[in-house]
Amino acid sequence: MSFFNTQIKFASDIVAANISIIVILVAAVIYISLAKKWKVIWSLIRTMDHRKIGILYIAWGFIFFLRAGLDAMLMRTQLAFPNFHFWVFQGDKYDQVMTTHGTLMIFFVAMPFLIGLMNIAVPLQIGARDIAFPFFNSLSMWLFVIGGLLINMSFVMGGAPSTGWTSYVPLAVGKDIVGNGTAFYDMGVQVSGIGTIMTSINMITTILKHRAPGMGFMKIPLFTWSALITSILILFAFPVLSAALLILLFDNQFGTQIFSGEHGNPVLWQHLFWAFGHPEVYIVILPAFGVFSQVISTFASKRIFGYSSMVLSMLAIGFLSFMVWIHHMFTVGLGAFANVVFAITSMLIAVPTGIKIFNWLFTIRGGSVRFTTAMLYSLAFIPSFVIGGVTGVMQAVVPADYQYHDSYFVVAHLHYVMVGGTVFGAFSGFYYWWPKMFGYLLNDKIGKWQAWTFIIGFHMTFLPMHLSGLQGMPRRTFTYLPEDGLFEFNFISTMGAYLMAFSVLLFIWNVFYSYQKKERWGVADPWDGRTMDWAVPSPSSHIRWPYLPVVRDLENLWYAKEHGDGTLPFSQKEEKRIVVEKPTIIPLLLSGGFFTISFGLIFAVPLITVAGFMGTLLLMAWRSITYERSIDLYTSAQLEEAIRREEE
Amino acid sequence: MGVESNVENSTETLLEYSSPRKTAMFLFICAEAVIFGSLFATYFVMLHHLGDGPGPKEFFKFKEMILPTILLLSSSLTWYLAEKTLHVREKGKTLFFIGLTALLALGFLSLEMIEFLKNIGDGYTLGRSPFISSYYLLVGLHGCHVLFGILWMALLLVHVKTKGSTVANHGRFVSFSIYWHFVDSVWVFIFLLLYALGQFL
């Protein structure tokens, strides 16, 4: 079938994908209609509440997590046996699945999970009424969704990107690629990147400008600190990617030859990509560090050990993250001097990270530890991440890296830090903040089963990859020969991957089970919390704090518990102009405009692109003109009255 | 302009309202600066990837770019006047200076389009050589920013015309000022590093 000059072949896998998409959509529509939830959906897509936007981030991230996880299952099945032919997933199809897995997991799973948690927890922790610009918060979220949908759609619309999540040129330009894969990657990541930059601006402004009275910089909880530093990294790293993707778009669609062709420079892409790509690694790990600091301190019932060194080491990691990118390019041949400098800076990062690891351990030491599921994930994180960190230092040794480069050793390393760090952190954060998000707790017994199966499955999957990598198995290949001696390692990996998939299903089951039971519904402070996020009702209400809470200590709630009855003191200041945004559909429509622009660029239909631009600009103007009508203004007294009315 | 708007315009309210916007705009400018920085870097990497195209010395017509530079830089001044007249609530003058700024920007953009069309007429198309591509990307992106600024000014014209000197309009002016002065300063770098420096490379 021909679709906007693009051939779509209905092979068995595409048909299966199409059928499953239709079945899922129809099932969703029927369920929502039967449960009479259309009103809920309508209010959800227009929401300006930072908690609901955070939930949407995480929900969409979870959908993409399932898709990318399915890709992982397909890959592991294909790799289970030597010379195996599973369905169609060989050659280019394997590359497509592998690229989608990587791109989705990093940009559309890890990032939204963590940004979602930031959205939920940061305003509560710093005593802000909402994120600084709720409208842009919502817009960022929908842009991320659009980007993710573009990447997901590509599989059934003429071929997914197949050049790896790094999309190296010259592979990603010119006639070598099949279909529009790279264009989908380009626009999908670009659109969600715009949203991510907006989120980072929003977060930094919130944390700098909307802290409760009394909260100096050294009284900011560690999760908020991590959100601040992450946002700064996003602010300076993502625009580099935007520029690189812009050039890639021009190379692919408008005939420029900057990255390739006779006279271009392919190494420039690598520089630009990794100048973004390495900070990106810390963008997805620092918020996880913040989650662990919060969780470990809460469940060890102790103040975090070495708070200021924790902050400083995060700042150091953030700073160093911008000067290590060459370590992804040791084998390019930039010369011994460049390689040595970047080897040293790369190894340096182990120092602040080590400080953090020891501080977590010392926080646990002497505390009365409660082994909840959130804590279990945090404890599992420490050794897993240390393994990942050590293999990272091994690869920072330049001569050794020539051996590890592009082997499964690298795959093992990156999954140890991404899964062992980021995904453990995300799950830990979900279990920890679930009551703040939804008002009920996740069942701890199922949670522990889920955590243990996930942790064991994780090590089963990725530990053997170190060994297969050292045996010389190259990454991004779809099979191996029986005489390579790789079968055992790969088979164990595949079994571990299935165990992890089972664990994810267990998590979904836990969500439904706990929702039915609604154990400990509405408990504001189930964990005996220490920071201000546990001082508001569960789930947190959108309009709150007519008078802002006063911050006296880093662990403000704990301070109130120790020096009083556990209620926070509030400021007496009567505020004259409290802005609360009314719900609006414009962010969703605007993201639709971006979708139209992307669609036109991907399929090279200028008319659609122009229409998209016009629509987007008109919507922006419309928003600007109706701004005064789209906000509610309160004074403190009026807000108090409004909250009282809502409670009734 | 009754009593109520006077209360709204108290210094404290203005500061409270504008301060997060200012922060956010400066952060946005940081992001923009990184994008332009990456494209400048790309330009300098591509400086010797000429293919069969011209080098910077024959390609850039320095003298033809002086007039547009003067137009764009003076638009920063007229915008400053627009902002100041809004503060003292001289609505007519504010509208005049916004219009003048937009006209200057439009003049700049037209001259740049003429330059682009001339280049294309000379056979220096987008894909001629990586060097020329990187030039078009950098200058073209800046041109898009100017165009966006003109559209933004049209919108501000409507806002000032209908609402006058309100708190929200002050906020809008704060945001646009930062944007516009940034767009101008990027042009200074383009003018110096591409057109002026190009004469000596």
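Q: What does the model score?
A: ipTM is 0.93 and pTM is 0.94.

Q: And what is the mean pLDDT of chain B?
A: The mean is 89, and 94% of the residues of chain B reach 70 or more. pLDDT is the predictor's confidence in each residue, from 0 to 100.

Q: Where is the pLDDT of chain B below 50?
A: Over residues 1–8 of chain B. Beyond near neighbours in sequence, that stretch has four contacts in the model. Two residues are in contact if their C-beta atoms, placed from the backbone, lie within 7 Å. Where pLDDT is low, the predicted coordinates should not be read in detail.

Q: OK, chain B. How many helices and strands?
A: Seven helices and zero strands. Helices (H or I, at least four residues) and strands (E, at least two) are DSSP runs, numbered from the N terminus. The C-alpha atoms of chain B fill a box of roughly 70 × 30 × 25 Å along the principal axes.

Q: Which residues of chain B carry the "transmembrane region" annotation?
A: The unreviewed UniProt entry gives 24–45, 65–82, 94–114, 134–158 and 178–198 of chain B. UniProt positions are in the numbering used here, feature names are shortened, and annotations may be inferred rather than shown by experiment.

Q: What do residues 24–45 look like in the model?
A: That span of chain B is 100% helix and 0% strand, with its end C-alpha atoms 32 Å apart. For residues 65–82 of chain B the figures are 94% helix and 0% strand, with the end C-alpha atoms 26 Å apart.

Q: How far does H6 of chain B reach?
A: H6 of chain B (residues 130–163) has 34 residues and reaches 49 Å from its first C-alpha to its last, close to the 50 Å expected at 1.5 Å a residue. The expected span is 1.5 Å times one less than the number of residues.

Q: What follows H6(B)?
A: B:Gly164, with a positive phi near 75°.

Q: How many residues of chain B touch chain A?
A: 30 residues of chain B are in contact with 36 residues of chain A. Helix H2 (11–45) and H6 of chain B are the elements that give two or more residues to the chain B side. H2(B) provides the largest share, 16 residues.

Q: How does that side divide by residue type?
A: Into 18 nonpolar, eleven polar and one charged. Ala, Val, Leu, Ile, Met, Phe, Trp, Tyr, Cys and Pro count as nonpolar, Asp, Glu, Lys and Arg as charged, and the others, Gly among them, as polar.

Q: Switching to chain A. What is its secondary structure?
A: Chain A comes to 20 helices and four strands. The radius of gyration of chain A is 25 Å, close to the 26 Å that the globule rule gives for 648 residues, so it is as compact as a globular protein of that length. The radius is taken over C-alpha atoms, and the rule is 2.2 Å times the number of residues to the power 0.38.

Q: What share of chain A is buried?
A: Buried residues make up 53% of the 648. A residue is buried if 20 or more other C-beta atoms lie within 10 Å of its own, exposed if 12 or fewer, and partly exposed in between, with C-beta atoms placed from the backbone. For chain B, 30% of its 201 residues count as buried.

Q: Which peptide bonds in chain A are cis?
A: Among them is the bond from A:Val169 to A:Pro170, with omega near 0°. A:Pro170 is in the loop between helix H5 (134–153) and helix H6 (181–209) of chain A. Another cis bond joins A:Ser538 and A:Pro539, with omega about -15°. A:Pro539 lies in the loop between helix H16 (487–517) and helix H17 (556–562) of chain A.

Q: What about phi at A:Trp545?
A: Phi there is near 55°, a positive value in a residue other than glycine. Most residues other than glycine have a negative phi, and most peptide bonds are trans. A:Trp545 also sits in the loop between H16 and H17 of chain A.

Q: Is A:Trp545 buried or exposed?
A: A:Trp545 is buried, with 23 other C-beta atoms within 10 Å. A:Asp406 has a positive phi near 60°, and A:Asp406 is partly exposed, with 13 other C-beta atoms within 10 Å.

Conventions
Residues are numbered from 1 along each chain as its sequence is written. Chains are lettered from A and ligands numbered from 1 in the order in which they are written. This is a predicted model: local features need pLDDT of at least 70, side-chain atom pairs count only at pLDDT 80 or more; totals for chains, interfaces and linings use all residues.
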